[in-house]
Amino acid sequence: GQPVVDELEIVFISDNTSRLNAVLTKQVDLVQDLAKKDYMQLSAMPGVEAIALENGSCNWAYIGMNCTKPPFDNPLVRQAVAFAKNRQAIADNVMFGLATPLTGGILPQWSWAYSEGLDLYSPTPNVEKAKALLSEAGFPDGFETTIKVSPAYSELAGEAAVDQEALKAVGINAQIVNLEWGTFINDVFGNNDFDMQVCGWGGPFIDPDEFLYPEFHSNQGFNPQLFADPEVDKLLEEGRTTFEREGRKEVYRKAQEQIFTLASVAAGTNNKLIQAQQDYVEGFTPLPTGLMRWVREAWLNK
């Protein structure tokens, strides 16, 4: 008895405003990946159901530090950045409250490998701790640096601005360098040419390996920070060869604790995936991965 619709048409709309208008004018029945700033407007619209899953998504954002360039080759400096970061301000002001501060690991709450109670940092800045770490690293008066970001993604640009203010409070004066998206990708992921950079990482991911191995194993291309730690490599490889679920969960807890203690990136927030559907859409179950598998059970009650 499936599928229960005669035809499925998938339309690709790259512009945020155009996607929103497609919902409001009922050009589409169901839409994914709407801008967070539009969620309240959608929620107030009659005939439209706005969706933001409570347990988050696969999408998270961070500030990354080049582990091969001074002063970020010193883990104490990277830890200072992680303690200075204002995750709550990013969640509230940049993500419009539709995000969860990441204080330890990055595996989301809906993941079977989620590590309850893994809190290395806090949602709000710990200025005194950050300053103490900078002093211990030999930078009692802070230092000058740069943050590369692309305004092609407004949320990332907003996060960079919050990071700039948070770092200034501990003595790190960071100049924001705005780059066209292609140039940003070439500089950061192609040439590792940056001091700090703000970017995101997203799914659809299901297994914890997908969240961690590509960005934190020393031999992976999505590790522009050039982070390399033998213990992390060992744990991530162990996660690929451990088959019992509880054993794997413990491996990934240890891996995340080591990764975020060494802080090649200061994780910011897990960001909710904003979706919407017309009220005549029945039977569709949204997933935090963004996968559309349940469209096979959807039908239009009109």
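**Figure 1. Helix 4 and its buried side.** Helix 4 spans residues 87-94, and its buried residues are Arg87, Ala89, Ile90, Ala91 and Val94. Here, buried means under 20% relative accessible area, exposed means over 50%, and partly exposed is in between (1.4 Å probe, protein chains only). Helices (H or I, at least four residues) and strands (E, at least two) are DSSP runs, numbered from the N terminus. Those buried residues pack against helix 3 (75-84), strand 4 (99-101), helix 6 (154-168) and strand 8; contact means heavy atoms within 4.5 Å. This is a predicted model, so to speak of local features pLDDT must be at least 70, and side-chain atom pairs count only at pLDDT 80 or more, while totals for chains, interfaces and linings use all residues. Residues are numbered from 1 along each chain as its sequence is written, and side-chain values use heavy atoms, with hydrogens and water left out.

Figure 2. Phe96 follows helix 4 and lies in the loop between helix 4 and strand 4. Its phi is near 55°, a positive value in a residue other than glycine. With a relative accessible area of 48%, Phe96 is partly exposed. Asn192, in the loop between helix 7 and strand 7, also isn't a glycine and has a positive phi of about 55°. At 23% relative accessibility, Asn192 counts as partly exposed. For background, most residues other than glycine have a negative phi, and most peptide bonds are trans.

**Figure 3. Two cis peptide bonds.** The bond from Pro70 to Pro71 is cis, with omega near 5°. Pro71 is in the loop between strand 3 and helix 3. Another cis bond joins Gly203 and Pro204, with omega at about 15°, and Pro204 sits in the loop between strand 7 and helix 8 (208-216).

**Figure 4. Lys85, a buried lysine.** Lys85 is in the loop between helix 3 and helix 4. At 2% relative accessibility, it counts as buried. Leaving out residues up to four places away in sequence, Lys85 touches several others, among them Glu159, Asp163, Ile63, Pro123 and Ala266.

**Figure 5. Aromatic pairs.** The whole structure has 13 aromatic pairs. Rings of Phe, Tyr and Trp (its six-membered ring) pair if their centres lie within 6.5 Å; planes under 30 degrees apart count as stacked, over 60 as edge-to-face and the rest as tilted. Phe72 and Phe143 have ring centres 5.7 Å apart and planes at 75°, so this pair is edge-to-face. The pair links distant parts of the chain, 71 residues apart: Phe72 is in the loop between strand 3 (59-65) and helix 3, and Phe143 is in strand 5 (residues 143-149). Both of these phenylalanines, Phe72 and Phe143, are buried. Trp181 and Phe184 make a stacked pair, 5.5 Å centre to centre with 15° between the planes. Both lie in helix 7 (residues 181-190), three residues apart, about one turn of the helix. Trp181 is partly exposed at 29% relative accessible area, whereas Phe184 is buried at 0%.

Figure 6. An aromatic cluster, and a charge over a ring. Trp110, Phe189, Trp201, Phe205, Phe211 and Phe222 form one aromatic cluster. Elsewhere in this view, the charged end of Arg240 sits over the ring of Tyr213, 3.5 Å from its centre; the rule is that NZ of Lys or CZ of Arg is within 6 Å of the ring centre and within 35 degrees of the ring normal.Figure 7. On a 1 Å grid over the protein atoms alone, a cavity is a set of points where a 1.4 Å probe fits but cannot get out, and a pocket is an open set with protein on both sides within 12 Å along at least five of seven lines; lining residues have an atom within 4 Å of a point. Grid points are joined across faces, edges and corners, and a volume is the space filled by probe spheres set on the points. One cavity of 30 Å³ or more turns up by this rule, and the largest cavity holds about 50 Å³. Its lining residues include Arg87, Tyr121, Phe260 and Ala266. Strand 8 (residues 265-271) gives the largest share of that lining, three residues. By class, the lining has seven nonpolar, two polar and one charged residue; Ala, Val, Leu, Ile, Met, Phe, Trp, Tyr, Cys and Pro count as nonpolar, Asp, Glu, Lys and Arg as charged, and the others, Gly among them, as polar.

**Figure 7. The largest pocket.** This pocket has about 1100 Å³ of space. Of its 39 lining residues, Asp33, Lys36, Asn59, Tyr153 and Glu155 lie nearest the centre. The lining splits into 22 nonpolar, eleven polar and six charged residues.
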